[in-house]
Amino acid sequence: EKGYETGEHAPGVKLGGCGAYKAAHHIIKTHAKVWHSYNNTWRSEQQGMVGISLTSGWGEPVDPHSQTDRDAAERYIQFHLGWFANPIYKGDYPEVMKNYVGRKSAQQGLGTSRLPTFSVQEKTYIKGTSDFLGIGHFTTRYVIQKSFPFLQVSSYHTDRDLAELVDPKWPAPGPKWLYSVPWGFRRLLNFVKTQYGNPLIYVTENGVSEKVQCTQLCDEWRIEYLKGYINEILKALNDGVNVKGYTAWSLLDKFEWNKGFSERFGFYHIDFKNKNKPRYPKASVNYYKNIISANGFPNSREVRS
């Protein structure tokens, strides 16, 4: 959406209302081709796995007793995670996406939907092309119904007819979009379990960056974030969700999209101004070391010893 609709990210293409859908359509078909290529040529010899990694927030209805809000929250997830996961696990785009984009395209006087369609053969070819699902997750939003006025040029965001809200009490240790809401992760993982037949899941991205340069390397907010989110994965495991692995984002401070080196997600601080780029461990390093050594939360006596 940022690369092919708003042009905010590379390659900077501005195809309002259709660019993101076209790009995603090609990604999904290409992913399926790669999976089949591996399946037909290498799997018998290598016994490897091919999956896809999808990043998604969780959408919670503002009023859980309101059917309108519940529907809006469902649209948030389907337009986010379901956009890619539904074709791969069920063979086609989510019905709500097809309905909303199709209706708005008709209102614009377009002969066909801005959301591309898969042929019957493509649906069959794409369905089931994932041996595991990678999940990247960082934050949650409250979601409410919001009808956008008729627009001659719609966009991915206006197609959804919803607004995203945050609770001012949620901790916001990192960038302006990233609020720490651990309970949303458990709900997202359970959604994957029920929607897609409890697939094998690897958490491929989860972490937080800092708002301020912390020269003391005292990132206790990152420790709290990791503690909360990893604990919710543990709860999801107890719910029966098939989570096999967890990868924190990230080992080192690095180049972060259009934020460059200014946004730091790493366990290790990098001095980018020094030509040798020295690395310094933040406080979160020891905390995470203890977790991965114990393969879980160690008790205090284990940590002391």
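A polar contact is a pair of N or O atoms within 3.5 Å, where within protein one atom must be able to donate a hydrogen and the other to accept it. Keep that in mind as you read this note on a predicted model.

1. **K254 and its partners.** The side chains of K254 and E256 are joined by a polar contact of 2.3 Å, which counts because the cut-off is 3.5 Å. To find K254, look in the loop between strand 7 and strand 8. Setting aside neighbours within four places in sequence, K254 is also in contact with W249, G260, F261, E263, F265 and F272.

2. Now go to the segment before helix 1, where P11 sits. A10 and P11 are joined by a cis peptide bond with an omega of about 5 degrees. Why point these bonds out? Most peptide bonds are trans, and most residues other than glycine have a negative phi.

3. **Two residues with positive phi.** D161 is not a glycine, yet its phi is positive, near 55 degrees. N198, also not a glycine, has a positive phi of about 50 degrees. D161 belongs to the loop between helix 6 and strand 5, while N198 belongs to the loop between helix 7 and strand 6. Are they buried or exposed? D161 has 7% relative accessibility and so counts as buried, because buried means under 20%. N198, at 27%, counts as partly exposed.

4. **A buried arginine.** R160 lies in the loop between helix 6 (156–159) and strand 5 (162–165). With a relative accessible area of 4%, R160 is buried.

5. **The largest nonpolar core.** In soluble globular proteins, nonpolar side chains tend to be buried together. Here the largest nonpolar core has 53 residues, and the members touching the most others are Y21, L81, W83, I135, F185 and L189. Several elements give two or more residues to this core, including helix 1 (19–41), strand 3 (133–136) and helix 7 (183–195). Which helix gives the largest share? Helix 3 does, with 11 residues. For a closer look, pick L81, which touches L54, S56, I135, L188, F191, V192 and Y196 when residues up to four places away in sequence are not counted.

6. **Helix 1 against helix 3.** The axes of these two helices come within 10 Å and cross at roughly 35 degrees. Helix 1 passes helix 3 in a right-handed crossing. On the helix 1 side you will find A20, Y21, A24, I27, I28 and H31, which meet F79, W83, F84, P87 and I88 of helix 3. By class, this contact has 10 nonpolar residues, 1 polar residue and no charged ones.

7. **Helix 7 against helix 8.** Here the axes come within 8 Å, crossing at roughly 35 degrees, and the crossing is right-handed. Helix 7 contributes W183, F185, R186, L189 and N190, and helix 8 contributes Y229, E232, I233, K235 and A236. What is the make-up of this contact by class? There are 6 nonpolar, 1 polar and 3 charged residues.

8. **Y179, a last stop.** Y179 is placed in the loop between strand 5 and helix 7. Its relative accessible area is 18%, so Y179 is buried, as the cut-off for buried is under 20%. Not counting residues up to four places away in sequence, Y179 touches F138, T139, R141, V166, W170, P171, A172 and Y229. How far apart are the C-alpha atoms of Y179 and N39? They are separated by 39 Å, and the two residues are 140 residues apart along the chain.

Key
Residues are numbered from 1 along each chain as its sequence is written. This is a predicted model: local features need pLDDT of at least 70, side-chain atom pairs count only at pLDDT 80 or more; totals for chains, interfaces and linings use all residues. Side-chain values use heavy atoms; hydrogens and water are left out. A nonpolar core is a set of buried Ala, Val, Leu, Ile, Met, Phe, Trp, Tyr and Cys residues joined through side-chain atoms within 4.5 Å. Buried means under 20% relative accessible area, exposed over 50%, partly exposed in between (1.4 Å probe, protein chains only). Helices (H or I, at least four residues) and strands (E, at least two) are DSSP runs, numbered from the N terminus. Contact means heavy atoms within 4.5 Å. Axes are lines fitted to C-alpha atoms, for helices over the stretch in contact, and angles run from 0 to 180 degrees between N-to-C directions. A crossing is left-handed if the near helix is turned anticlockwise from the far one by less than a right angle, and right-handed if clockwise. Ala, Val, Leu, Ile, Met, Phe, Trp, Tyr, Cys and Pro count as nonpolar, Asp, Glu, Lys and Arg as charged, and the others, Gly among them, as polar.
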